[in-house]
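Visitor: Please take a close look at the metal site. Which residues hold the ion, and how are they placed?

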Amino acid sequence: MSAMNRRGLLLAGAGLAATVFASPRRALAQAAAPSGPFTLPALPYAFGKNEPHIDAQTMEIHHGRHHAAYVANINNAVKDHAQVAAMPLEQILARLGEMPESIRTVLRNSGGGHANHAMFWQIMGGSGGAPGGELAGAITRDLGGFDKLKADFNGAGARVFGSGWVFVSVDRTGKLAIVSKPNQDTPLMDGQHALFGNDVWEHAYYLKYQNRRPAYLEAWWNVLDWSAIQARYLQARAGSLKI
Ligand code: MN3
């Protein structure tokens, strides 16, 4: 062994010892992970509200662990970036290319995850049926009517390879489109909004539906809250829809 290599090994060993020695402090630092500026929104209904179409255990794990983890990750990412921490989430996502490169991927994945799930809880907890009012007119105009929307949306959701989402996006003029996205990407990244959308990650449906994603996509319409979606539509047109 050359002297140089031995020196390298000694240094590596010293580094390892330092890491092990420091680990209790590191654990404390993790326990004190920042609790803001982003927060997990409370689920606006009981975990069992979407039964039997989405089971309570899935809702509890999805909200309390998956969504909570996205929130923790984004808070951790912005803790040394005060300017980003002060920005509204929808602005961060609309301007990802301007975000510090070192945290851009976390902002995209966990920031997108936070936005998508915050929307997702809002638009469920209802009893399905069909949209009415101005929104029904926009669906007929842009998406060929409610039956065609459901068929096209479910088809797009079934075709998402791996993990992702299918959305109906809305722009400031109220124009609607069906958009699917990989991972936690969102129409906010294209300067639009998600009017509503369905999570087709396996964690959203696997306990009840296993590999039967099309059955989940079909059943999901039964839990939509069209009054919440209509309210989001009006906010989008007024320019006041955030996430
Ligand atoms: Mn999810």
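Guide: Asp-199 is buried, with a relative accessible area of 0% (buried means under 20%, exposed over 50%, partly exposed in between, with a 1.4 Å probe and protein chains only). The model is predicted: local features need pLDDT of at least 70, side-chain atom pairs count only at pLDDT 80 or more, and totals for chains, interfaces and linings use all residues. Residues are numbered from 1 along each chain as its sequence is written, and side-chain values use heavy atoms, with hydrogens and water left out.

Asp-199 gives OD to the manganese ion. His-62, His-117 and His-203 each give NE2. These contacts span 2.0 to 2.1 Å. Donors here are N, O and S atoms within 2.8 Å of the metal (3.2 Å for Na, K and Ca); water is not among the atoms, so sites may look incomplete. Along the sequence, the donor residues follow the spacing H-x54-H-x81-D-x3-H. His-62 sits in helix α2 (residues 56-78) and Asp-199 in strand β3 (residues 193-199), so this pair ties together parts 137 residues apart in sequence. Helices (H or I, at least four residues) and strands (E, at least two) are DSSP runs, numbered from the N terminus. His-62 is buried too, at 1% relative accessibility.

Lys-208 lies over the face of Tyr-209. The distance to the ring centre is 5.9 Å. A charge sits over a ring if NZ of Lys or CZ of Arg is within 6 Å of the ring centre and within 35 degrees of the ring normal.
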